Amino acid sequence: MVEEVKEYRAYRNTVADPTPHTDPTPNKPPQSRVSPMMLYVLFMGILIFTMYNSGNSARQATSWLEVEKYMLSRKAIDKIEVINGEEANIFIKKEFADSLPFKDVMKPGNAKQAAPGPHYSLTIGSVESFEHNLEQAQQGVPLDQRVEVVYIKQENWFGNMILWLFPIFLMVMFWQFLMRNAGAGGGSSIFSFGKSKAMLFDKEHKSKITFNDVAGLEEAAMEVKEVVDFLKSPEAFTKLGAKIPKGVILVGPPGTGKTLLAKAMAGEAQVPFFSMSGSEFVEMFVGVGASRVRDLFKQAKEKAPCIIFIDEIDSIGQSRGKQALFSGSNDERESTLNQLLTEMDGFETNSGVIVLAATNRADLLDPALIRPGRFDRHIYLELPNIRDREEIFKVHLRPLKIDQSIDPGFLAAQTPGFSGADIANVCNEAALIAARKKKESIDRQDFLDAMDRIVAGLEKKSKIISPEEKKIIAYHESGHAIVSWLLPHVDPLIKVSIIPRGKSLGAAWYLPEEHQLKSATAFSEHLSAILAGRAAEEVTFGEVTSGALDDLEKATKEAYMMVAYYGFDKQIGNISFYDSTGQQDTRLSKPYSEETGKLIDAEVMKLINDAYGQAKNILVQQKEALGKLAERLLQKEVIFKEDLEEILGKRSAPLKEVPVLHVV
Ligand code: ADP
């Protein structure tokens, strides 16, 4: 409920991409005009038409009453044919051709000759009842003058054939449909099913993204450019005996520009570039993935020198042991991965094919895939620092109509922890906000609103909150603000709001400084600041609410990290149970003993109790300031750094982290 926004989370929502998109299917063959669907419809139409017209002479349906009244009584019936015991076809004698009511049926449209018949048809319930009726109606008629009844068994071979053919026809259609969907990209034929669906960028179909669209990432861009150099002039490397890498893998959190970098490479490389996503290999049919991998490498070898790019490679390259544990064994994925490994081993070093892959979960990848000789080069991308963010802002501000006052440096300073994709999102969101307000250009406030929206969600002013609840929220947020203001190691506060946003009822905004190292003191002060909301509720109202759920969750996680990962606890000592390889996820037992587990729990509880005690102490001492701040918050809904300075005085300069020589 009451949520403190402490860290800028990385979102990957709809990311605005200012760079022009490339045609996703540059190499599709032209579609033929007459689609197979049209042929099917035509075929069906003809079948149905012939079916309805077959053996359908001009006879009129009639009822038993009419048969008795007009035909039998006048002795007009020549003969009756009973077909399959279901239908009686009635033939009228020729001499009645000119008399009513038979004239219309026997000589339709004033024909000269009477139609040979049958002229009427009667659906009969059963042969017995029909015979009984006929018998009754002809009582007293001499035998030789009675109506002749012939029983005929008629095979409707045409209808039967249709009944047989129709399901087969349906199955063929269904199969074609499946094939077309599964084998898309390679035309609609069933033979293209196992073909790779990679997009090919070459001289005719160029990616429009260049390295100009990639900001920051200097080292990564350099390495990627080097790969292109390998292909363009391999002699420079091979003459010294160097082997050109076979595979390069880009690793980094989502939205840091891995795909963008690959697209830029496609745009600038003078060699063909095959691009495919890992998930496109695997289909519901067994064997397709492996066949697509084979086809991709076959095509690539034909076009060498060239680059193959596989995005999200973790979807096929996941460690084989882990797949079996979590999702049951997945043969299809495994055989696709095996094929990829075989192909990467199969082509000669220096054959001019380099495989580039991207993932955000390198720890999940199968060790066989990332060993030297396959993906031997790893390029790590990180969340951008302030300088990189400024550059990324510059790229994404380029197509926008912005106010003169916008300073990319200021925007970069406001967005620690944002990825490139988040920044693209902020720029697009700011443009949307400005457009909604019908502004001529996008100003600073639009950007600030866009950041708030991305970090904390949309403002929900219409949420119904009672005055009592509002008061509790105001005190809760003021508690966070005061404690974090007075503890020197907590990140500086920018503003506090009690306007509900997204799922939270109130929020405090901080501006984290970008440190590589964080001291144990900074951790425990941070813990106090997290728990200060609940402490403020207890100090003021003598009772706590459920509003601190999010805080408690964060505090617990952080305390466990301090004890079990960072080795901050004296009792546990310098031990870390953190596992950067991700192997531990698959283990069912914990890496520590029962006793250590108990000790960890006890130490975590102690840490949290101490931090809560510290927050409570501060707030008891500052009870007056807490009241004033909460009142102001209730009045204004949003308060800034300046309000805190007015009430609490200037914040003592945050203690700089002691520089530590850190040898890794
Ligand atoms: P991922 O690392 O998840 O593959 P993408 O490359 O798809 O991320 O990035 C998504 C979007 O974020 C890009 O289309 C681009 O608009 C933006 N972006 C990410 N990093 C950068 C960057 N370094 N420079 C410019 N834009 C970036």
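The points below go from the overall fold to cores, surface, aromatic pairs and salt bridges.

1. Basis of the note. This is a predicted model, in which local features need pLDDT of at least 70 and side-chain atom pairs count only at pLDDT 80 or more, while totals for chains, interfaces and linings use all residues. Residues are numbered from 1 along each chain as its sequence is written, and side-chain values use heavy atoms, with hydrogens and water left out.

2. Overall content. The chain holds 22 helices and 14 strands; these are DSSP runs numbered from the N terminus, helices being H or I with at least four residues and strands E with at least two. Of its 664 residues, 43% count as buried, where buried means under 20% relative accessible area, exposed over 50%, and partly exposed in between (1.4 Å probe, protein chains only). The chain exposes about 36000 Å², with carbon and sulfur atoms supplying 55% of that area; accessible areas come from the Shrake-Rupley method with a 1.4 Å probe, and for residues only the protein chains shown count as cover. Among contacts with a separation of 6 or more, 76% join residues 24 or more positions apart, a contact being heavy atoms within 4.5 Å.

3. Nonpolar cores. The largest nonpolar core has 50 residues, and I482 and L619 have the most contacts inside it. The term denotes a set of buried Ala, Val, Leu, Ile, Met, Phe, Trp, Tyr and Cys residues joined through side-chain atoms within 4.5 Å. Elements giving two or more residues to this core include helix 17 (467-486), strand 12 (493-497), helix 18 (520-541) and helix 20 (594-621). A second, separate core of 30 residues includes I209, A221, L250 and F273. Beyond its neighbours within four places in sequence, L619 is in contact with G479, I482, V483, A532, A535, A536, V539 and L626.

4. A surface patch. W157, M161, L165, I168 and V172 form a nonpolar patch on the surface, with about 490 Å² of accessible area together. Patches are made of residues with over 30% relative accessible area and no salt bridge, like charges being joined within 9 Å and nonpolar side chains (Val, Leu, Ile, Met, Phe, Trp, Tyr) within 5 Å. W157 belongs to helix 5 (residues 157-182) and is exposed, at a relative accessible area of 59%.

5. A buried loop residue. S419 sits in the loop between helix 14 (408-413) and helix 15 (420-436). At 0% relative accessibility, S419 is buried. Leaving out residues up to four places away in sequence, S419 touches P254, G255, L383 and P384.

6. Aromatic pairs. The structure holds 10 aromatic pairs. Rings of Phe, Tyr and Trp (its six-membered ring) pair if their centres lie within 6.5 Å; planes under 30 degrees apart count as stacked, over 60 as edge-to-face and the rest as tilted. F230 and F237 have ring centres 4.5 Å apart and planes at 70°, so this pair is edge-to-face. F230 is buried at 5% relative accessibility, whereas F237 is partly exposed at 23%. The pair F577 and Y592 is also edge-to-face, because the centres are 4.7 Å apart and the planes at 65°. Both residues lie in the loop between helix 19 and helix 20, so the pair ties together parts 15 residues apart in sequence. One aromatic cluster is formed by F523, Y566 and F568.

7. Salt bridges. How many salt bridges does a search of the whole structure find? The search finds 23, a salt bridge being a side-chain nitrogen of Lys or Arg within 4 Å of a carboxyl oxygen of Asp or Glu. R453 and E429 meet in one of them (3.0 Å, N to O). K495 forms a salt bridge with D452, the closest N and O atoms being 2.6 Å apart. K495 lies in strand 12 and D452 in helix 16, so the pair ties together parts 43 residues apart in sequence. K495 is buried at 15% relative accessibility, and D452 is buried at 8%. K437, K439, D443, D446 and D449 are linked in a network of salt bridges.
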